[in-house]
Amino acid sequence: MNFSLMSIREIGEGLRGKKFSCLEMTNYFLDKIEKDDVEISSFLTVTKELALSQAKKVDERIERGDDLPVLLGIPSAIKDNILIKGIKCTSASKILENYKAPYDATVIKKLKDQGVVFLGKTNMDEFAMGSSTENSAFQVTKNPLDHSRVPGGSSGGSAAAVAAGFCSFALGSDTGGSIRQPASFCGVVGLKPTYGFVSRYGLMAMASSLDQIGPLTKTVEDARYVFEAISGKDPKDSTSVQVEIDNGMDPKKMTIGIPKEYFVEGMDSEVESSIREAIEKIKGAGIKVEDISLPHTEYALPAYYIISPSETSANLSRYDGLRYGNSSGEGVDLSEIYFKNRGRGFGREVKRRIILGTYSLSSGYYDAYYKRAQKVRTLIKNDFEKAFEKVDLIVVPSSPTLPFKIGEKREDPLSMYLSDVFTIPANLAGLPAMSMPCKKIRDLSVGIQLIGKPFGEYSILNAGELFEKIWMK
């Protein structure tokens with residue numbers, strides 16, 4: 001039986017119907033990872049002992065006829081910046097090379113309550129800084145659709161693991177597009193929830209006002225199941241909120257907005273034509289589509305690269321080799337110890353962003369850079385609020401390009417940063433957004449992004465399930 005091709009619903013029905021055991025299925029995925037991930041390099045740690053132990057408990061639970069949650073026995077992979085108690089959690093950084101999590105993140109606790117099986121921790125750009133997963137301190141992950149290309153980042157290991165059939169779903173984190181851009185590159189579905197809808201407790205912080213945990217899955221329906229399981233207020237995360245859940249809008253009654261600012265000079269012509277073709281198919285299905293404007297979109301990228309590094313420089317100050325992180329054991333005074341530990345522990349991109357953020361926050365520059373960037377962020381949020389007075393959902397490309405070659409942009413950080421130009425605005429505005437495949441070009445995937453109103457995840461998921469049928473015809 002090829003479990004790699006099965007959806008969460010199909011696996012759940014198979015387990016409950018006793019067509020196969022959870023132990024049999026878990027062994028299948030562990031064998032596949034051992035055999036095929038040598039080439040893809042999506043996992044940093046495979047948690048074989050934990051997975052087999054969880055699988056046995058699932059089988060016992062099914063045998064007893066206990067309450068059987070929808071994610072019971074579903075095999076998963078977790079980005080290596082989310083804590084699973086007792087398991088290594090490195091954030092793909094040398095400074096945390098042998099760090100073991102002392103507790104479970106809230107999302108992990110919720111998944112454990114459902115009976116999810118954890119197969120391992122996935123590769124990522126160091127501390128989630130990057131768009132290609134080439135910034136990992138340990139290995140470069142390859143795109144399962146074309147091994148010469150990147151899987152996107154920073155949740156590239158999670159997206160690649162789902163696309164390669166190593167698990168049913170994975171968790172990633174999204175600060176500026178780190179779930180949606182790799183989902184687009186690997187041809188899977190990636191959902192970034194509204195800021196505050198999913199607890200960040202137990203997620204290693206990069207930029208605290210932007211970070212969100214979300215699912216990467218094979219289908220929109222699978223994303224719905226995982227999102228329902230991990231969302232909700234958490235007393236351990238003061239930024240999480242209690243939301244009254246509704247079922248979302250009927251997509252056939254929606255008005256879809258298409259902002260002209262997302263079709264820009266320099267965008268890959270094949271990507272642009274694929275997105276326009278997908279929009280025409282939506283129109284052809286009788287759904288109302290309107291042109292709109294988000295006039296401050298062009299300022300989102302520069303504002304993000306002031307706000308995000310500023311928060312990063314503050315969050316990563318704790319990794320000094322004394323309070324957290326590895327120590328080189330060298331240095332004659334405190335200042336030299338910090339220089340040695342942080343200089344050897346952090347990679348090039350992390351150092352670049354710490355320096356940029358520290359400069360932006362320094363005396364005399366705070367008003368000129370950080371404060372001004374926050375004002376731009378408000379303008380971008382206002383753009384979306386105004387647009388959502390006219391439309392119910394906004395549809396834009398997930399990325400301006402197809403997956404690029406490994407090494408192609410590594411020496412050009414500005415070019416790399418542009419990979420997230422279409423995903424960053426939703427983070428700055430705190431909005432939910434989902435990337436899903438809409439077309440293939442030479443076996444490479446083109447991703448399209450659905451951006452919703454605050455806490456409008458169920459409208460996004462409803463629309464995604466309908467569009468999936470329209471685009472896959």
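A residue is called buried when its relative accessible area is under 20%, exposed when over 50%, and partly exposed in between, with a 1.4 Å probe and protein chains only. The model on display is predicted: local features need pLDDT of at least 70, side-chain atom pairs count only at pLDDT 80 or more, and totals for chains, interfaces and linings use all residues. Residues are numbered from 1 along each chain as its sequence is written, and side-chain values use heavy atoms, with hydrogens and water left out.

**The whole chain**

Begin with the protein chain in cartoon view, where 15 helices and 11 strands can be followed. These elements are DSSP runs numbered from the N terminus, helices being H or I of at least four residues and strands E of at least two. The C-alpha trace spans about 65 × 55 × 45 Å along its principal axes. For 473 residues a compact globule would have a radius of gyration near 23 Å, and the 21 Å of the protein chain agrees; the radius is taken over C-alpha atoms, and the globule rule is 2.2 Å times the number of residues to the power 0.38. Of the 473 residues, 60% count as buried.

Select α5 (156-163). Of the 8 residues in α5, 7 are buried: G156, G157, S158, A159, A160, A161 and V162. Just after α5, select G165, which has a positive phi of about 80°.

Now step back to the loop between β3 and α5, where S154 is found. The peptide bond from G153 to S154 is cis, and its omega is near 5°. T133 lies in the loop between β3 and α5 as well. Although T133 is not a glycine, its phi is positive, about 65°, and at 0% relative accessibility T133 counts as buried.

For another positive phi in a residue other than glycine, select A92, where the value is near 55°. A92 is placed in the loop between β2 (75-79) and α4 (106-114), and its relative accessibility of 0% makes it buried.

**Aromatic pairs**

Rings of Phe, Tyr and Trp (its six-membered ring) pair if their centres lie within 6.5 Å; planes under 30 degrees apart count as stacked, over 60 as edge-to-face and the rest as tilted. The count by this rule is 22 aromatic pairs. Select Y28 and F29: their ring centres are 5.2 Å apart and their planes stand at 85°, so the pair is edge-to-face. Y28 is partly exposed at 23% relative accessible area, whereas F29 is buried at 0%.

Next, select F127 and Y319, whose ring centres are 5.0 Å apart with planes at 45°, so this pair is tilted. The pair links distant parts of the chain, 192 residues apart: F127 is in the loop between β3 (117-122) and α5, and Y319 is in the loop between α9 (300-315) and α10 (334-345). F127 is buried at 3% relative accessibility, and Y319 is buried at 6%.

**M267 and its contacts**

Finally, select M267, in the loop between β7 (255-259) and α8 (269-284). M267 is buried, with a relative accessible area of 8%. Which residues does M267 touch, not counting those up to four places away in sequence? They are Y262, E272, P397, P400 and F422, a contact meaning heavy atoms within 4.5 Å. M267 and P397 are 130 residues apart in sequence, and their C-alpha atoms are 10.0 Å apart in space.
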